[in-house]
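Here are my notes on this model, as numbered points. Please read them beside the coordinates.

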Amino acid sequence: MSDAAADAARRRLLTGRLLPPLTVKLLHGRLLRLADHTSLSLLLRALSSAGFHLHALRLHSLLPNLTFLPLALKAASRLPDHTLSLSAGAQLHARSLKHPTHSTNPHVLTSLLSLYAKCGLLRDAQKAFDEIPYPSTVSWTALITAYMDAGRVHEAVRVARKAFASGMRPDSFTAVRVLTACARVTDLVTGEAVWRAAQQEGISANVFVATAALDLYVKCGEMEKARAVFDKMQNKDAVAWGAMVGGYASNGHPREALELFFAMQTQGGMTPECYTVVGALSACARLGALDLGRQAVAMLPHWDQEVLDNPVLGTALIDMYAKCGSTHEAWTVFQQMRKRDIIVWNAMILGLGMTGHEKIAFALVGQMEKSGSMTPNDNTFIGLLCSCMHTGLVKDGRRYFRNMTQIYRIIPRIEHYGCMVDLLSRSGLLEEAHQLIKDMPMQANAVIWGALLGGCKIHRDTDLAEHALKQLILLEPWNSGNYVMLSNIYSNSGRWEDAAKLRLKMKERGVEKVPAASWVELDGKVHEFRVGDKSHPLSDKIYEKLDELGMEMKILGYKPTTEVVMFDIEDEEKEHTLVHHSEKIAIAFSLLSTEPSETIRVTKNLRVCSDCHTAIKLISRITNREIIVRDNNRFHYFRDGHCSCNDYW
């Protein structure tokens with residue numbers, strides 16, 4: 001073979017277009033003899049990059065020295081069979097031990113570390129790392145990656161701390177890996193230290209590093225810091241936009257999530273990906289913004305096909321429709337989906353249960369079992385127990401709770417106990433509920449004690465309510481509602497000194513009452529109202545409408561419930577403020593702003609009080625409107641003077 005022919009063959013090898021059999025022949029020919037150090041290095045890389053890992057190893061075995069041992073180890077680690085990888089790696093390691101200068105070479109040991117890690121031998125990978133006298137950034141990163149790939153993220157973060165303590169300076173790849181690990185375990189302290197180091201090294205402008213830092217702040221609930229990183233990014237990609245939208249949605253900022261979601265298209269000029277739309281749908285579900293949810297999913301190209309074939313997107317859409325009170329649309333999506341996993345089924349069961357369609361929810365579970373394709377799991381029973389809880393079906397709730405453990409061998413989680421305590425408490429079975437709390441295998445949380453308290457409020461058991469509230473204050477010292485309730489119990493019992501002490505303690509701890517708020521969506525905009533709110537441009541007309549409704553309700557026998565419940569979490573019991581509750585203002589606004597045939601949908605952050613519940617029933621009768629109110633506990637469908645909850649909430 002001439003020199004020109006050898007060069008041509010080498011170029012063909014480097015482009016990865018040469019057939020393996022011809023490669024083997026060339027390895028024995030003049031090409032190998034003519035190749036210099038650079039050419040051999042490129043040749044090895046080309047073979048491995050083209051997927052010819054065995055040929056790369058064959059080439060290395062023909063070489064007279066071990067100069068290219070790291071490349072050979074990388075080729076060995078990329079073999080599809082881990083047993084073959086380990087065998088080839090062991091042989092290469094054995095060859096290196098015959099040459100001390102190679103066996104202690106950090107590049108060799110780092111490649112060996114990666115090979116052992118990919119074969120699942122973390123202990124051997126750690127040993128290889130420990131033999132490196134002065135680990136480089138690449139070596140530290142390889143060890144961190146090994147622990148991350150093995151799912152041992154906490155240990156990966158521990159290694160990262162040691163790396164930075166040793167003086168290692170991160171490159172962009174290292175920073176991304178460590179920031180990702182810190183995000184997974186929500187280690188804000190270590191993550192911020194890495195981010196500061198990235199800024200010092202001048203790599204913080206890298207879109208991957210910045211996105212990893214953004215994700216860290218999102219996962220740790222630090223949305224202001226996440227937004228600061230996002231705003232400084234010069235080249236925002238769809239991943240960065242999606243991370244912010246999802247972060248706002250998951251951290252309780254639905255309005256910001258939706259603002260950014262729509263800005264993604266208008267300002268960023270980008271089409272949202274599936275998971276970004278999922279975040280937007282979650283925000284719409286939180287706000288009860290049905291029309292915005294429809295707009296969000298319509299932005300996906302071929303969205304109808306994506307929904308039918310994507311269980312994640314389908315689940316989010318079912319959840320959004322159900323929480324916005326449009327159960328029929330949720331049901332339509334569920335029926336049309338071609339790929340329905342257990343999560344999709346559970347979303348539909350829960351959606352039916354929380355909107356008062358318990359019989360259909362029960363039937364759907366039976367249909368799921370008959371299909372034979374899947375079995376109810378622990379989340380399925382959450383949906384069933386919620387159905388019972390929202391409609392007071394105590395016997396059914398007991399049966400499902402019993403069957404879950406005895407027939408399906410599912411160990412109840414604290415959420416299952418919470419549903420049962422709520423069901424029993426609201427049905428007046430307070431002692432049974434309290435006994436269930438005592439018998440629980442885990443410590444009761446605030447949700448459990450809050451469920452018991454709800455029953456105590458309905459059935460006026462002040463002694464048990466006081467006990468529950470003391471537990472709640474221990475668990476949630478920042479929650480103002482608990483203090484207000486307990487103070488009201490003391491006041492109504494004439495224990496003025498205890499009430500005063502509690503109010504003082506609340507003030508000393510800086511605990512402030514969470515204001516009630518209600519939201520209504522109209523023409524793609526979410527309107528927020530608070531008690532006594534007069535900031536809206538239509539305030540004068542809204543209050544005129546409330547006065548008008550008040551007069552008509554009194555003709556029908558309505559009397560403001562100034563007592564409400566003797567220890568309500570809201571400080572709005574007085575008659576002159578009852579009419580100005582946030583949900584009443586939202587309903588009056590909707591009556592003024594929508595067509596007479598339109599359904600009114602209101603979302604509230606706290607529980608609807610008994611006075612508002614009574615008033616809204618009458619308003620639905622007076623106006624001949626269907627009014628849907630979703631509070632922080634359940635849905636209420638008001639129609640012709642009745643509510644779907646049958647006054648059970």
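1. Helices here are DSSP runs of H or I with at least four residues, strands are runs of E with at least two, and both are numbered from the N terminus. On that basis Lys 232 belongs to helix α16 (residues 223-232). Lys 232 is exposed, at 67% relative accessibility; exposed means over 50% relative accessible area, buried under 20%, and partly exposed in between, with a 1.4 Å probe and protein chains only.

2. A word on the basis. The model is predicted, so local features need pLDDT of at least 70 and side-chain atom pairs count only at pLDDT 80 or more, while totals for chains, interfaces and linings use all residues. Residues are numbered from 1 along each chain as its sequence is written, and side-chain values use heavy atoms, with hydrogens and water left out.

3. Now the overall picture. The protein has 37 helices and six strands. Of its 649 residues, 52% are buried. Take the contacts (heavy atoms within 4.5 Å) between residues at least 6 apart in sequence: 63% of them join residues at least 24 apart.

4. Helix α15 (residues 207-219) packs with helix α17 (residues 238-250) at about 5°, and their axes are 10 Å apart. Axes are lines fitted to C-alpha atoms, for helices over the stretch in contact, and angles run from 0 to 180 degrees between N-to-C directions. The two helices are therefore roughly parallel; the classes are roughly parallel under 35 degrees, roughly antiparallel over 145, roughly perpendicular from 65 to 115, and oblique for the rest. From α15, Thr 211, Leu 214 and Val 218 meet Val 239, Ala 240, Ala 243, Met 244 and Gly 247 of α17. That contact has six nonpolar, two polar and no charged residues. Nonpolar covers Ala, Val, Leu, Ile, Met, Phe, Trp, Tyr, Cys and Pro; charged covers Asp, Glu, Lys and Arg; the others, Gly among them, are polar.

5. Which way do α30 and α31 run relative to each other? They are roughly antiparallel. Helix α30 (residues 446-459) and helix α31 (residues 462-475) pack at about 155°, with axes 9 Å apart. The contact includes Trp 449, Leu 452 and Leu 453 of α30, and Leu 464, His 467 and Leu 472 of α31. By class, this contact holds 11 nonpolar, three polar and no charged residues.

6. Thr 603 sits in strand β3 (residues 600-604). Is Thr 603 buried or exposed? Thr 603 is buried, at 5% relative accessible area. A polar atom of the Thr 603 side chain lies 3.1 Å from the backbone oxygen of Leu 287. Beyond neighbours within four places in sequence, Thr 603 touches Arg 286, Leu 287, Gly 288, Ala 517, Ser 518, Trp 519 and Arg 630.

7. Check two backbone angles. Most residues other than glycine have a negative phi. Arg 409, not a glycine, has a positive phi of about 55°. Arg 409 lies in the loop between α27 (394-406) and α28 (414-426), and is exposed at 67% relative accessibility. Asp 640 also has a positive phi, near 50°. Asp 640 is in the loop between β5 (635-639) and β6 (642-643).

How values were computed. Polar contact = N/O pair within 3.5 Å; in protein donor to acceptor, adjacent residues only side chain to side chain.
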